[in-house]
Amino acid sequence: MSRQNIFDNETFFSGYKALRDSDCNANDLIEQPAMRKLLPDLNGRSVLDLGCGYGHNCIDFVGRGAARVVGIDISEKMLAVAKEESAHVKIEYRNMSMTDISDLDEKFDFIYSSLAFHYVKDFDAFANDMYSVLSEGGLLLFSQEHPIITSTVDGAGHFNKNENGEKVSYTFSNYNQPGERRIRWYVDGVIKYHRTFSDIINALANAGFVVEAVCEPVPEEWVIEKVPAWSKEFIKPNFLIIKARKG
Ligand SMILES: C[S@@+](CC[C@H](N)C(=O)[O-])C[C@H]1O[C@@H](n2cnc3c(N)ncnc32)[C@H](O)[C@@H]1O
């Protein structure tokens, strides 16, 4: 199945919401600060946010001067929160799969996506679709779970500890076996797709994108002070962030 809508599962939705509402989640402390540093000037620009979730980034883009923002999500529950918490006349929320963006009848200056692309099955076709939907010279900025994280078939993190109980290394497997992963995350059977680093870069290059930046973010000092446990991120990355331009 290439379009699982797990965020509409009540148990999953509640678990994920509690995670995002906590003040020590990796999105807010590690991924979002790195993404913000790579944002282009959005003044007067049109933006497409793929897998926009609660719409927090959509409203941020309006604050940065975006002229129009379209937020797409497959989950009605996520969009209900977006419409409640992040509504604005310049934002349109659409309940659809990001794999259907070729149906859109407009082009965008900037495509953004935070932690949603590992839910897409066919990344080669999706990269082509994103290229078509971008205006000439348009930019793509996305984050996804790092291939080191998506690789292991059971999806579990495998930290190894020393005699003092400190995490010192991380074991992963199945890296060169791309494809579907069914994992337990609040519920059984959450589907994600593993791709190698080269699969991802080659899909973008074959579509015509020119990669401008690649980032595997680590926690900043203030994050370690706030949540010392996040120093485990220096053992292995959790996220992969890529910024690319329509060539
Ligand atoms: C981890 S959440 C991230 C939400 C948001 N981007 C953020 O950073 O707060 C992933 C989002 O991708 C959405 N999603 C998953 N598969 C999708 C698909 N095929 N089309 C559109 N949205 C999808 C989910 O419903 C969910 O809202």
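The largest nonpolar core holds 52 residues, and Val47, Ile111, Met130 and Leu140 touch the most other members. The model is predicted. Met130 is in contact with Ile101, Ile111 and Leu140, leaving aside residues up to four places away in sequence.

**The main sheet**

Seven strands form an open sheet with mixed pairing, in the order β3-β2-β1-β4-β5-β11-β10. Its edges are β3 (91–95) and β10 (209–215), each of which pairs on one side only. Neighbouring strands are turned by 15° against each other on average, direction ignored.

Within this sheet, β1 (residues 46–50) runs parallel to β2 (residues 68–73), and five bridges join them. Ser46 stands opposite Arg68 of β2. Strands β4 and β5 are also parallel, paired over six bridges. Here Ser113 has Phe142 of β5 as its bridge partner. Strand β5 spans residues 134–145 and is mostly covered, with nine of its 12 residues buried.

**Helices against the sheet**

Helix α3 (residues 56–63) lies across β1, β2, β3 and β4 (108–114). Its direction makes an angle of about 175° with β2. Helix α7 (residues 197–207) lies across β10 and β11 (239–246), at about 150° to β10.

Which residues of α4 (residues 76–85) are buried? They are Lys77, Met78, Leu79 and Ala82. Their cover includes α1 (10–21), β2 and β3. In general, an α-helix has 3.6 residues a turn, so residues three or four places apart point the same way.

Strands β8 (residues 179–185) and β9 (residues 187–194) run antiparallel, joined by six bridges. Glu180 stands opposite Tyr193 in β9. The two strands form a hairpin with one residue between them, and Tyr186 sits in the turn.

Most residues other than glycine have a negative phi. Tyr186 has a positive phi, near 70°. Asn174 also has a positive phi, of about 60°, although it is not a glycine. Asn174 lies in the loop between β7 (167–170) and β8.

Gly155 belongs to the loop between α6 (147–151) and β6 (159–161). Gly155 touches Arg181 and Ile183, not counting residues up to four places away in sequence. Gly155 and Val190 are 35 residues apart in sequence, yet their C-alpha atoms are 9.8 Å apart in space.

Conventions:
Residues numbered from 1 in each chain as written. Predicted model: local features only at pLDDT ≥ 70, side-chain atom pairs only at ≥ 80, totals over all residues. Core = buried A, V, L, I, M, F, W, Y, C linked by C-beta atoms within 7 Å. Buried ≥ 20, exposed ≤ 12 C-beta atoms within 10 Å, placed from the backbone. Contact = placed C-beta atoms within 7 Å. Pairing = 2+ DSSP bridges. Helix = DSSP H or I, 4+ residues; strand = E, 2+ residues; numbered from the N terminus. Axes fitted to C-alpha atoms, helices over the stretch in contact; angles between N-to-C directions.
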